[in-house]
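Hi,

Here is the structure I promised to pass on. Have a look at it first, and my notes on it follow below.

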Amino acid sequence: MKLTMYTDYSLRVLIYLGTKEESKLTTIQEISDAYHISKNHLMKVTFELGKAGFIETVRGRGGGIRLADLPENINVGGVVRQMEEDFHLVECFNPETNTCPISPICGLRGVLGKALNAYLAVLDEYSLQDLLFNKEGLRDLLRT
């Protein structure tokens, strides 16, 4: 399973915001500069993170973004589920587009389904706080 860049960027935004003081606002430009990621990409990501309730956005002069909850309350598995478009590892995972002729008797779907569930279960064990175990080191690297 490979996460999309969209989800990768989402997690990076949350990590960046997690290194900040709780109420401090951050701009998308700051995050873009820290990670060397296109500001336009990050605008789309932060919009979705805001819609999903992971971050708060403050508009206007002096505005910015910040975490909507404490890092220990933001579940990594929940973020991944929210930000990934689909989890169709193989064609037969999507009944609307499946044309594989062996689907009715193939054992691969069950094996991959079990692997996907295990993957998500591991992510569910972690919060954003767990990813911030070295907050000072992250701040140094990101220059926050």
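To start with a quick one: is Glu136 buried, partly exposed or exposed? Glu136 is partly exposed, because its relative accessible area is 49%, where buried means under 20%, exposed over 50%, and partly exposed in between (1.4 Å probe, protein chains only). Glu136 sits in helix α7, residues 135–142.

Some ground rules before the rest. This is a predicted model, so local features need pLDDT of at least 70 and side-chain atom pairs count only at pLDDT 80 or more, while totals for chains, interfaces and linings use all residues. Residues are numbered from 1 along each chain as its sequence is written, and side-chain values use heavy atoms, with hydrogens and water left out.

Overall layout

The chain has seven helices and two strands, taken as DSSP runs numbered from the N terminus (helices H or I, at least four residues; strands E, at least two). Read from the N terminus, the order is α-α-α-β-β-α-α-α-α. Along the principal axes, the C-alpha atoms fill a box of roughly 60 × 30 × 25 Å. Of the 144 residues, 35% count as buried. Among contacts (heavy atoms within 4.5 Å) with a separation of 6 or more, 64% are between residues 24 or more positions apart.

The core

A nonpolar core here is a set of buried Ala, Val, Leu, Ile, Met, Phe, Trp, Tyr and Cys residues joined through side-chain atoms within 4.5 Å. The largest one has 33 residues, and Val13, Leu14, Ile31 and Leu49 have the most contacts inside it. At least two residues of this core come from each of α1 (5–18), α2 (28–35), α3 (39–51), β2 (64–67), α4 (76–83) and α5 (108–124). The largest share, seven residues, is from α1. Leaving aside residues up to four places away in sequence, Ile31 touches Val13, Tyr16, Leu17, Thr26, Leu42 and Ile65.

Pockets

The search used a 1 Å grid over the protein atoms alone: a pocket is an open set of points with protein on both sides within 12 Å along at least five of seven lines, a cavity is a set where a 1.4 Å probe fits but cannot get out, and lining residues have an atom within 4 Å of a point. Points are joined across faces, edges and corners, and a volume is the space filled by probe spheres set on them.

The largest pocket has a volume of about 380 Å³. It is lined by 16 residues, with Ile28, Thr46, Thr57, Arg59 and Ile65 the closest to its centre. The elements giving two or more residues to this lining are α2, α3, β1 (55–58) and β2, and α3 gives the most, with six. The lining splits into five nonpolar, eight polar and three charged residues, where Ala, Val, Leu, Ile, Met, Phe, Trp, Tyr, Cys and Pro count as nonpolar, Asp, Glu, Lys and Arg as charged, and the others, Gly among them, as polar.

The second largest pocket holds about 180 Å³ of space. Its lining has 14 residues, and Glu21, Glu22, Leu67, Asp69 and Pro71 lie nearest its centre. Here α1 and β2 are the elements that give two or more residues. This lining divides into five nonpolar, one polar and eight charged residues.

Two or more of the lining residues come from each of α1, α4 and α6 (128–131). By type, eight are nonpolar, one is polar and none is charged.

Cysteines and one backbone angle

The whole structure has zero disulfides, a disulfide being a pair of cysteine sulfur atoms within 2.5 Å. For Cys92, the nearest cysteine sulfur is that of Cys106, 6.2 Å away. Cys92 counts as buried because its relative accessibility is 11%. Cys100 is in no disulfide either, and its nearest cysteine sulfur, that of Cys106, is 6.2 Å away. At 30% relative accessibility, Cys100 counts as partly exposed.

Lastly, His36 has a phi near 60 degrees, a positive value in a residue other than glycine. His36 lies in the loop between α2 and α3 and counts as exposed, at 72% relative accessibility.

Cheers
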